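This report goes through the sheets, a helix pair and the chain contact of one model. Please view the sequence and the structure together while reading.

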Amino acid sequence: MSKYALFLGCTTPIKVPQYELSARWVSKRLGIELVDIEDFVCCGFNQGNLSIEGGLLLAAMNLAFAEAQDLDIVTLCAACNGFLAETVAELKDEATRDRINKKLSLIDLEYNGRTKVKHISRVIYEDVGLDRIEKAVKRDLSKLRVAPHYGCHYLKPKSAFEGFDEPDNPKTLHHLISATGAAPIQYETLLHCCGGKTFPVSPDIAHLLIEKKLNNLQTMGIDAMIVQCQTCYLMYEGQQQKVAEKFNTQYKIPVLLYPQLLGLAMGGDPATDLGFDLNTMPLDKVLAKVEE
Amino acid sequence: MSNKIIRTAELDPNFKFEVTAHESARDLNYCFACGSCSAGCPIHEVFPDYNPRKLAKMIKLGLRKEVLSSDYIWYCATCRTCEQRCPQKVSFFNVLNVLKNIAAKEGYAPTAWVEQTKQVMQTGIVFPIEETCVKKREQLSLPSLKGEGKKAKKLIETTGLDEIESRG
């Protein structure tokens with residue numbers, strides 16, 4: 001049994017609750033205990049745009065909240081994962097940690113470097129393992145052909161992840177998908193970014209990025225894309241029809257969060273356990289290929 | 001970023017020192033302009049005008065105002081492929097953050113990012129917590145959100161981040 005503080009981030013609980021719902025559902029059944037810390041705030045990644053120190057302080061504040069309960073953090077968002085893990089690495093430097101702790105003392109907090117950070121997919125990969133996932137499968141997903149999308153901050157910066165997977169040639173999400181019985185594909189634009197951080201400043205450029213990937217996937221005969229970050233989800237699914245209209249084409253590529261796919265394999269109710277009806281793209285064609 | 005004639009009298013030779021004085025951008029000194037950053041950049045691929053190598057060169061030349069007032073520094077998708085591919089281990093992602101921090105202090109911050117900070121100081125996250133969201137979470141039996149930004153605000157106020165105004 002492993003135990004983590006669940007770091008929801010900003011976007012998932014507000015805009016993509018099906019990610020949270022399905023992550024909680026699979027975690028409970030795979031022996032991952034998730035503890036809610038209601039004091040958690042924004043991870044600070046976006047604040048770093050305007051103030052590197054401001055971003056660092058918010059990240060450290062979150063680490064300190066988890067450390068006060070002797071817990072490591074598990075994130076759902078790839079960017080929270082990358083930024084919080086990078087902050088753990090940065091705060092190994094004593095002078096930096098002292099400077100940050102001086103400010104954290106204003107709100108009666110302190111971070112001593114004990115709390116570590118992992119993404120939910122990594123926790124499933126390492127703590128549960130592929131064998132136990134395969135044993136937990138109750139439905140046959142072998143007719144599903146899907147495209148993994150890793151999310152940039154799942155594995156970057158590389159220095160923050162102790163050799164877990166390889167950002168230039170990642171494999172773990174492929175393995176996690178294979179363990180559910182579905183077939184993951186390799187494709188040209190695998191490593192392309194979703195453009196989520198470009199979108200607030202230039203939706204046009206973000207749309208060009210999204211189009212590049214959807215255009216590539218359109219020719220690959222897939223049943224769905226599998227993502228592991230709510231921002232990637234919102235870009236590829238939420239922006240899909242706008243991009244299709246803009247580029248005068250048609251896209252109907254369903255996008256699932258990894259815990260939704262895993263939960264489906266494990267026998268969860270698509271609607272009530274995994275939030276399939278909260279996805280904007282209809283998932284009936286995906287479900288039609290799944291056998292009880 | 002226009003391709004006009006560069007007049008040396010208008011350059012700020014101290015700009016590169018101003019940027020590399022920040023620890024996270026110090027490694028820019030090791031850049032030998034190979035262009036691996038641009039070759040791997042997904043934004044450059046779909047929008048070739050955005051070019052990390054060119055930005056690095058502009059910093060070194062001292063095109064201070066052109067760089068800081070440019071929309072381009074805010075287009076970075078933060079995918080960090082540039083730092084992953086750099087043979088000199090320069091994190092152009094970190095260099096851009098330093099540029100954005102300086103630009104923000106000088107009044108060039110995009111409204112979207114400034115609004116996010118204001119929101120964090122209220123609810124602790126970058127969104128307001130609206131009634132529809134509260135109801136949806138109740139329906140799904142998900143725990144309620146505290147939506148408290150006071151402690152985050154206190155920390156943010158020590159950095160001057162709360163005083164940054166958007167370019168409007």
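## Basis

The model is predicted.

## First sheet of chain A

An open sheet is formed by four strands of chain A, ordered β2-β1-β3-β4, with parallel pairing. Its edges are taken by β2 (32–36) and β4 (117–119) of chain A; each has a single partner strand, so one side of each has no neighbour in the sheet. From one strand to the next, the twist averages 40°.

Within this sheet, β1 (residues 2–7) and β3 (residues 72–75) of chain A run parallel and are joined by four bridges. Opposite Y4(A) stands D72(A) in β3(A). Helix α6 (residues 120–128) of chain A packs on the sheet and touches β1, β2, β3 and β4 of chain A. The direction of α6(A) makes about 90° with that of β4(A).

Another open sheet has four strands in the order β6-β5-β7-β8 (chain A), and the pairing is parallel. Here β6 (183–184) and β8 (255–257) of chain A are the edge strands, each pairing on one side only.

Two bridges link β5 (residues 145–149) of chain A to β6(A) in the parallel sense. For V146(A), the bridge partner in β6(A) is P184(A). Helix α12(A) packs on this sheet, where it touches β7 (224–227) and β8 of chain A. Its direction makes about 80° with that of β8(A).

## Packing of α2 and α12

On the α2(A) side, the contact involves Q18(A), Y19(A), S22(A), A23(A), W25(A) and V26(A). These meet P259(A), Q260(A), L262(A) and G263(A) in α12(A). By class, the residues of this contact are six nonpolar, four polar and no charged.

## Contact between chains A and B

In the contact between the chains, 44 residues of chain A meet 47 residues of chain B. Four helices of chain A, α1 (11–15), α2 (17–29), α3 (52–68) and α9 (203–218), each supply at least two residues of the side that touches chain B. The most comes from α3(A), with six residues.

The side of chain A that touches chain B consists of 23 nonpolar, 10 polar and 11 charged residues.

Terms used
Residues numbered from 1 in each chain as written. Chains lettered and ligands numbered in written order. Predicted model: local features only at pLDDT ≥ 70, side-chain atom pairs only at ≥ 80, totals over all residues. Contact = placed C-beta atoms within 7 Å. Nonpolar A, V, L, I, M, F, W, Y, C, P; charged D, E, K, R; others polar. Pairing = 2+ DSSP bridges. Axes fitted to C-alpha atoms, helices over the stretch in contact; angles between N-to-C directions.
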